[in-house]
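Student: I am new to this structure. Could you show me how to read its features, one at a time?

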Amino acid sequence: MRCVRYVFGMLAAVVMAAALAACGGAKLSVADEQYARGEYFEAQKTYRKVYNKLTKKEERPQRGAVAYKMGLCYERLGMAARASSAFANAVRYNYPDSTATLLMAKSLHAEGKYGPAIKAYEEYLQKNPASKEAANGLAGCRYAQKAKNEPTRYVVKNAKLFNSRRADYAPMFLSRAEADQLYFTTTNEKVTGERKSEITGMKKGDIWFAKKNEKGDWQRPEAVEGELNSDLDEGAVSFTPDGQTMYLSKARREPNANTGVEIYTSQRSDAKWSAPVKFEITADTVSSYAHPAVSPDGNWLYFTSDMAGGSGGKDIWRINLKERAGSLENLGEFINTEGDEMFPYVLTDSILYFSSDGHPGFGGLDIFRATLTKSGGWKVENMGWPVNSAADDFGITFGKGESGFFSSNRGDGRGYDHLYSFVLPDLQILVSGWVLDKDEEPVPNAVIRIVGNDGSNQKAVARPDGSFSFPLKRGVSYVMLAGAKGYLNARQEFTSDTDEEDAEYGVDFILASINKPVVVDNVFYDFDRADLRPETKEALNEMVQIMNDNPNITIEMASHTDRIGSDQYNIGLSQRRAQSVIDYLIENGIKADRLQAQGYGKSRPKTITKKLARLYPQFKEGDVLTPEYIEALSEEDAEVADQINRRTEFQVLSIDYRMY
């Protein structure tokens, strides 16, 4: 329900007396007068009665004209479905003004019926190709169709604790830093005064507030204390940085006159607010001024007005509160359009939020974020789904971080506004994994360090099962190092991507034991040769990395053969193979005095480990693959056992190497 936000700027409509005088009698004139005064709730009821009487075929043109005026009332009341139906009837009855097609398109747009709205916009543009309003509407529908399927990460919820059965809107924190008192406008049944508004059909708005208790939980809202509220419409508040002065919108209502809105101030004393005093912006008494927003430094008052000198419709202006004379300025073409820009909210000296139906959007009023550029212009961005919807979304306020409240009439066929909370959750970006030994058993109490190129430095201890987890940041390159007592260090590098979505990276560390030989997997030679095959070099590059990550160790690089052939031959072959590995490590920067080659031939058969037993269940942990053991196996299993014996291992010899 549009309430004070729609009371704003009501000017008398042109009464279509010539077209309607013969068919409406006194009731039509009453409806026109009600509409002209901005009494849309009462006017739509009167127009409906007139419309229902126009049943004759020759009265079709008059029926179309009354349907058009009904549509205008419904549009003002935020009843998009009723408005689109009324405008469709106006078009069906050949209402001569093509604006009916445009308004039907806008109402369908506000219903979220983007396909039919696009068709209506295109139909209107065929007759009025220069219409910026229709072009923006068409662009908005196409944007909405795509953006609704690509929602932002904002989480939006109905703030049920604050909402009544009537309209509640325009929330504002008393202090953004504290974010523990929320003020808003309400038309609930307990507000001041008994008369219902001819404009909205509800009681006139009062300012209420809610606060948090000592546990940080929101309490039920209540009326502000003092002389602030009256039987007129009050709403859309803002506060000076010290929280002692409130700026508010207050409706000007005079019998048989147009309704307008002015800005007032109220002072706080002992939690009570004084009677409002009018805040003079200009000597212009015809224009309306509403939706005040004080800048965080307290120097500027931003507001909405339909005064001359704007871009059309309602514009956002500002005035310096310290030096008011000559400081009034319109925010210009980047912000203001031929449509309506309203409800400014100043987050910082370079970030402004506002609502508009002139910039392309989802329908009705959308909330936009404007960022001041280096050139002095503004970059305007739609806040996207689900903050915005096909309905009217407006009046945003921020608490701590990317969270706060706004108002919207989404999902309410009566057009009533309600408060919604929003929050942009922190991205859940994690790196997690396991620290295991070469047998893939957990290494408990391993220490993992992670250093980012953003200067971050984290440290954690792996859980008893070897698992770990770290929070990360987007777009940062990280180096990770894991180590544990009795094991060599292992190093990993990676870069987190820049996508705005939750993510978890998996990184595992395999630690080599200091106290027992460690097999170097995937080291291959051609038959009866000691030359390294090309596919072996990748495995040996990992060996180079181990040596670099553990610069204080010296190792023995050992090669073993299977049981085939003489002892002397196998010793020689394995020695040459071990030396080939040593030569490769030296070529890649490892000091020769840290390395020792040793060929063992077939003298040290492999003992089956837990890992090997998992990989080859035909063997048991602890089995020793001696020639006698293998000869008792099947031919197939014997080949597997010989393969296991043909291996390259390294053994740590010392952990106190120093390069002099």
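Student: How many bridges join strand 32 to strand 33, and do they run parallel or antiparallel?

Tutor: Strands of a sheet pair through backbone hydrogen bonds, either parallel or antiparallel. Here strand 32 (residues 554–560) and strand 33 run parallel, joined by six bridges. Strands are DSSP runs of E with at least two residues, helices are runs of H or I with at least four, and both are numbered from the N terminus. Two strands pair if DSSP finds at least two bridges between them. Ser-559 stands opposite Gly-599 in strand 33.

Tutor: A note on the source: this is a predicted model, where local features need pLDDT of at least 70, side-chain atom pairs count only at pLDDT 80 or more, and totals for chains, interfaces and linings use all residues. Residues are numbered from 1 along each chain as its sequence is written, and side-chain values use heavy atoms, with hydrogens and water left out.

Student: What is the order of the strands in the open sheet?

Tutor: The order is 31-34-32-33, with mixed pairing. Strand 31 (518–519) and strand 33 (595–601) are at the edges with a single partner strand each, so one side of each has no neighbour in the sheet.

Student: Is His-359 buried or exposed?

Tutor: Buried means under 20% relative accessible area, exposed over 50%, and partly exposed in between (1.4 Å probe, protein chains only). His-359 is buried, because its relative accessible area is 15%. This residue lies in the loop between strand 17 (351–356) and strand 18 (366–372).

Student: Where is Glu-381?

Tutor: Glu-381 is in strand 19 (residues 378–382), and its relative accessible area of 34% makes it partly exposed.
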